[in-house]
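Here is a short briefing on one protein chain. Keep the sequence and the 3D view open as you read.

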Amino acid sequence: MKDFMMLFYSEPNPNMEPTPEEIEAEIKLWMDWIGGIGAKGKLKHAGEALGFEGKTVHSDGSITDGPYTEAKEIVGGFIIVTADNLEEAVALTKGCPVLSIGGKAEVREIMPTGDIPND
């Protein structure tokens, strides 16, 4: 088994002002989907939602506001799953709530620490 990180991207909507009921419904969608992965024994870490504000540190030492402010989409959160291969991990994205709102899920294998070269 290998570990994979799923990163969830969507376009920010600064005008969005959801009601408490809408927030609760959205959380339930995510919890149900993540719970389904857990029920299959494939959930390694339930991840976290990420805030909308941040800083980006560039190689020249400059720091800009916001995570990738020049991009149209943001990373909204992540989870870590376990699967036999990339194809199986990708299949676990079925039903992901971000996909129903036009977002996307990126699936990437997490390299075992022993595979990272030490200089």
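The points below go from the overall fold to the strand pairings, the core and the surface.

This is a predicted model. The protein chain has 2 helices and 6 strands. Their order from the N terminus is β-α-β-β-β-β-α-β.

**Overall fold**

- The protein chain holds 119 residues, and 25% of them are buried.
- Take the contacts between residues at least 6 apart in sequence: 78% of these join residues at least 24 apart.

**Strand pairings**

- Strand 1 pairs with strand 5 in the antiparallel sense, over 9 bridges.
- Met6 has Ile79 of strand 5 as its bridge partner. Phe4 has Val81 of strand 5 as its bridge partner.
- Strand 1 also pairs with strand 6, residues 104–109. This pairing is antiparallel too, with 6 bridges. Here Met5 stands opposite Arg108 of strand 6.
- Strand 5 also pairs with strand 2, residues 43–49. The two run antiparallel and are joined by 4 bridges. Ala49 stands opposite Gly77 of strand 5.
- Strand 5 is mostly covered, with 8 of its 10 residues buried.
- In a regular strand, side chains alternate between the two faces of the sheet.

**Nonpolar core**

- The largest nonpolar core has 15 residues. Those with the most contacts inside it are Met6, Phe8, Trp30, Trp33, Ile79 and Val81.
- Which elements give two or more residues to this core? They are strand 1 (2–10), helix 1 (20–39) and strand 5 (74–83).
- Helix 1 provides the largest share of this core, 4 residues.
- Met6 and Ile79 are both on the list of residues with the most contacts inside the core, and they are also bridge partners.
- Trp33 is worth a close look. Setting aside neighbours within four places in sequence, Trp33 contacts the core residues Met6, Phe8 and Ile79.

**Surface of helix 1**

- Ile23, Ile27 and Met31 make a nonpolar surface patch of about 290 Å².
- Met31 is placed in helix 1.
- Is Met31 buried or exposed? Met31 has a relative accessible area of 53%. The cut-off for exposed is over 50%, so Met31 counts as exposed.
- Helix 1 therefore gives residues to the core and also carries the exposed Met31.

**Glu48 in strand 2**

- Glu48 lies in strand 2, the strand joined to strand 5 by 4 bridges.
- Glu48 is exposed because its relative accessible area, 51%, is over the 50% cut-off.
- Which residues does Glu48 touch, not counting those up to four places away in sequence? They are Gly76, Gly77 and Phe78.
- Glu48 and Ile79 are 31 residues apart along the chain. Their C-alpha atoms are separated by 7.0 Å.

Methods: Residues numbered from 1 in each chain as written. Predicted model: local features only at pLDDT ≥ 70, side-chain atom pairs only at ≥ 80, totals over all residues. Heavy atoms only, no water. Core = buried A, V, L, I, M, F, W, Y, C linked by side-chain atoms within 4.5 Å. Buried < 20%, exposed > 50% of the residue type's maximum accessible area, 1.4 Å probe, protein only. Contact = heavy atoms within 4.5 Å. Patch = residues over 30% accessible without salt bridge, like charges linked within 9 Å, V, L, I, M, F, W, Y side chains within 5 Å. Areas by Shrake-Rupley, 256 points an atom, 1.4 Å probe, with all protein chains shown as cover. Salt bridge = Lys/Arg side-chain N within 4 Å of Asp/Glu carboxyl O. Pairing = 2+ DSSP bridges.
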